[in-house]
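Hi there,

Here is the model I promised to pass on.

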Amino acid sequence: MQLKSTRDSEDEDEEERSKTRGCTLQYQHALVRVFTQFHTTSSEGTDQVITMLGSDWSVDVTDLVSDFMRVADTRIAQIMEGNVLSGREPGTTMFKVVSPLMEVVLGEVPLIVADDKVTITDLRAELVSGLSLNLESNPGTSHTFIAKTMAQQRLQTLKQVLR
């Protein structure tokens, strides 16, 4: 996991111009999602580890562990609004998920906040007035689903207003 900043200490003139326009440079904010796999041992007594749902499946457990997410050095980054990670200054720290029963680390990943300047070069917007998702089981295998999505880009209702 790597967070990059929008702060460049060598370019103070540009930073000063941004402040006069009402915008200050800041480090990146990133939405954090936590995924896991579930494992069990064989019922045949062989201690063979079996990945439930299959090895290519991961389950999003962010809502379950959001209260147990930690950043080792809060000077480098902090967790805001549940699962938003915000860089505070350049450096390296660890992002961890700890056990709710004791402070044992269940998983961790290095977190780097870099001092690289990022510039928005192009920004586009696209109208989406509706989304649909259709899930069907694959007749060939019982473990596979086919997902079809469709985005509507047309206003459907007379006098429909975007807000």
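(Buried means under 20% relative accessible area, exposed over 50% and partly exposed in between, with a 1.4 Å probe and protein chains only.)

Two notes on conventions. This is a predicted model, in which local features need pLDDT of at least 70 and side-chain atom pairs count only at pLDDT 80 or more, while totals for chains, interfaces and linings use all residues. Residues are numbered from 1 along each chain as its sequence is written, and side-chain values use heavy atoms, with hydrogens and water left out.

Salt bridges

A search of the whole structure turns up three salt bridges, each being a side-chain nitrogen of Lys or Arg within 4 Å of a carboxyl oxygen of Asp or Glu. One of them links D60 and R33, whose closest N and O atoms are 2.6 Å apart. D60 lies in strand 6 (residues 59-60) and R33 in the loop between strand 2 and strand 3 (35-36), so this pair ties together parts that are 27 residues apart in sequence. D60 is partly exposed, with a relative accessible area of 34%, and R33 counts as partly exposed at 38%.

Strands here are DSSP runs of E with at least two residues, numbered from the N terminus. Three of them make an open sheet in the order 2-9-8, with antiparallel pairing; two strands pair if DSSP finds at least two bridges between them. Strand 2 and strand 8 are the edge strands, each pairing on one side only. Neighbouring strands of this sheet are turned by 25° against each other on average, direction ignored. (The axes are lines fitted to C-alpha atoms, and angles run from 0 to 180 degrees between N-to-C directions.)

Strand 2 (residues 29-31) is joined to strand 9 by three bridges, and strand 8 (residues 77-80) is joined to strand 9 by four. V84 in strand 9 has L31 opposite and also M80 opposite. Strand 8 and strand 9 form a hairpin with three residues between them, and E81 in the turn has a positive phi of about 50°.

Both faces of strand 9 are covered: V84 and S86 are buried on one side, L85 and G87 on the other. S86 counts as buried because its relative accessibility is 5%. Its bridge partner is H29, and the two side chains also make a polar contact at 3.3 Å. (A polar contact is a pair of N or O atoms within 3.5 Å; within protein, one must be able to donate a hydrogen and the other to accept it, and residues adjacent in sequence count only if both atoms are side-chain atoms.)

A nonpolar patch

F38, M52, L53, W57, L133, L135 and F145 make a nonpolar surface patch of about 770 Å². Patch residues have over 30% relative accessible area and no salt bridge, with nonpolar side chains joined within 5 Å and like charges within 9 Å; areas come from the Shrake-Rupley method with a 1.4 Å probe. F145, in strand 13 (residues 145-152), counts as exposed at 52%.

Best wishes
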